[in-house]
Number of protein chains: 2
Amino acid sequence: MDRTDTSLIALRRILRATELYGRTLAQTAGLTPVQIRLLQIVLGQGSVTPKQISVQMGVSPATISTLLDRMVAKSMIERQRSDVDRRQTNIVLTEEGRKAVEGAPDPLQQKYVKEFEALEDWEQAMIVAALERVAGLLNASDLDASPLLDMGEIHRTHPSDKTGG
Amino acid sequence: MDRTDTSLIALRRILRATELYGRTLAQTAGLTPVQIRLLQIVLGQGSVTPKQISVQMGVSPATISTLLDRMVAKSMIERQRSDVDRRQTNIVLTEEGRKAVEGAPDPLQQKYVKEFEALEDWEQAMIVAALERVAGLLNASDLDASPLLDMGEIHRTHPSDKTGG
DNA sequence: CAATTAGCTTCGGTAATTAAATTATTATTT
DNA sequence: AAATAATAATTTAATTACCGAAGCTAATTG
């Protein structure tokens with residue numbers, strides 16, 4: 001077995017593990033994976049339009065619209081008409097929504113961060129370099145990643161009050 | 001920004017790129033991402049039970065059952081009652097299903113393989129080591145990866161006409 | 001044989017998804 | 001400015017994804 005296959009298999013293991021565990025986490029939080037991803041995007045941006053969300057999640061605006069309906073019904077987000085361009089709607093988290101997303105961190109946080117930080121210095125450096133290389137190979141744009149920068153904060157805080165809902 | 005955050009962002013870029021591109025590929029093939037994953041699992045295993053599929057995909061058997069219904073209706077797979085244990089059903093690809101899955105390879109194959117193989121030797125080695133390390137951190141079980149070993153064959157073979165199976 | 005367990009399916013319901021059509025607003029063109 | 005085009009969001013109708021509970025069939029166990 002050559003290295004291409006080996007790396008592909010490792011990548012698939014990463015994808016599977018993340019997805020499977022993410023589903024578990026979502027159910028624990030009383031939300032769906034899609035709903036959590038929405039909340040994460042809004043948290044990372046502070047304020048986004050449905051259009052922006054649809055691009056980041058790779059689904060149509062119609063999908064986002066109905067998804068937002070449900071999240072409004074759950075009092076997780078609010079729609080605010082934009083002042084500068086009244087065609088646009090700004091999506092913001094409610095207090096409840098912020099608690100929900102901070103109490104339901106994403107699977108990478110849970111399974112990855114602690115172990116990563118326990119690694120030797122040189123190994124961390126190698127992993128960072130390799131991951132960025134792979135992301136580059138996949139043409140992964142910064143558009144996808146930068147909104148989630150704020151998520152990095154989570155592993156530093158104590159989400160000890162999981163008042164599940 | 002520390003290395004933990006940097007690596008998390010890179011990982012998310014990988015996840016997003018794979019998912020977004022996978023959705024595009026699926027639509028091009030006239031299938032959904034879930035349906036393609038089902039076909040990939042059956043291809044990799046040769047013959048699987050609905051229960052095994054449900055474990056690998058991380059969904060309930062009920063979900064698989066209805067999914068199989070649709071794929072049978074599309075003539076992509078067949079249900080075959082097991083002889084050794086007649087409670088079980090063996091899922092196998094039809095000729096049409098095999099063509100479909102081989103004609104719609106997964107996003108990693110498409111966007112990754114060629115570029116990876118163009119890398120310097122040392123860089124390939126580094127990436128393999130790093131990816132396997134990360135997969136290990138995420139506790140990705142071998143259960144998830146080994147079924148997909150056969151997928152690695154795809155980029156080497158010509159899916160012309162493989163008689164027999 | 002009766003009870004239990006295992007594997008799969010069916011049923012009822014919620015959520016996710018899209019294409020197409022609609023509404024409201026902004027931008028452009030004549 | 002009036003007409004036209006383009007953009008942002010939503011609604012509608014339809015399909016797919018998903019699950020728990022209940023039901024069915026086959027295997028196992030007492």
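Visitor: How many residues of the surface near DNA strand D are nonpolar, how many polar and how many charged?

Guide: In this predicted model, the residues of that surface divide into 8 nonpolar, 10 polar and 8 charged.

Visitor: How should I read the relation between the two chains, and what rotation superposes chain B on chain A?

Guide: In general, two copies of a chain are related by a rotation about an axis and a shift along it. In this structure, a rotation of 180° with 0.1 Å of shift along its axis brings chain B onto chain A, with an RMSD of 0.1 Å. The two copies are therefore related as by a two-fold rotation axis. The same surface serves both copies, for 100% of the contact residues of chain B recur in chain A.

Visitor: How many residues take part in the contact between the chains, and which element of chain B gives the most?

Guide: The contact joins 48 residues of chain B with 48 residues of chain A. On the side of chain B that touches chain A, the elements giving two or more residues are helix H1 (3-28), helix H6 (107-117), helix H7 (121-137) and helix H8 (142-145) of chain B. H1(B) gives the most, with 19 residues, and the classes on this side are 26 nonpolar, 8 polar and 14 charged.

Visitor: How do I read the packing of two helices, and at what angle do H7(A) and H7(B) pack?

Guide: Two packed helices are described by the angle between their axes and the distance between the axes. Helix H7 (residues 121-137) of chain A packs against H7(B) at an angle of about 105°, with the axes 9 Å apart, and the two helices are therefore roughly perpendicular to each other. From H7(A), the contact is made by A:Glu123, A:Met126, A:Ile127, A:Ala130, A:Leu131, A:Arg133 and A:Val134, while H7(B) brings B:Glu123, B:Met126, B:Ile127, B:Ala130, B:Leu131, B:Arg133 and B:Val134. By class, this contact has 10 nonpolar, no polar and 4 charged residues.

Visitor: Within chain B, how do H3(B) and H4(B) pack, and in which hand do they cross?

Guide: Helix H3 (residues 50-57) of chain B and H4(B) pack at an angle of about 115°, and their axes are 9 Å apart. That makes H3(B) roughly perpendicular to H4(B), and the crossing is right-handed. In H3(B), B:Pro50, B:Lys51, B:Ile53 and B:Ser54 meet B:Pro61, B:Ile64, B:Ser65 and B:Leu68 in H4(B); the residues of this contact divide into 5 nonpolar, 2 polar and 1 charged.

Visitor: In chain A, at what angle do H1(A) and H6(A) cross?

Guide: The axes of helix H1 (residues 3-28) of chain A and helix H6 (residues 107-117) of chain A cross at roughly 120° and come within 8 Å, which makes H1(A) oblique to H6(A). The contact is made by A:Thr18, A:Tyr21, A:Gly22 and A:Leu25 of H1(A) and by A:Pro107, A:Leu108, A:Gln110 and A:Lys111 of H6(A).

Note on methods. Residues numbered from 1 in each chain as written. Chains lettered and ligands numbered in written order. Predicted model: local features only at pLDDT ≥ 70, side-chain atom pairs only at ≥ 80, totals over all residues. Nonpolar A, V, L, I, M, F, W, Y, C, P; charged D, E, K, R; others polar. Axes fitted to C-alpha atoms, helices over the stretch in contact; angles between N-to-C directions. Helix = DSSP H or I, 4+ residues; strand = E, 2+ residues; numbered from the N terminus. Parallel < 35°, antiparallel > 145°, perpendicular 65-115°, else oblique. Left-handed = near helix turned anticlockwise from the far one by under 90°. Contact = placed C-beta atoms within 7 Å. Least-squares fit on C-alpha atoms with pLDDT ≥ 70 in both.
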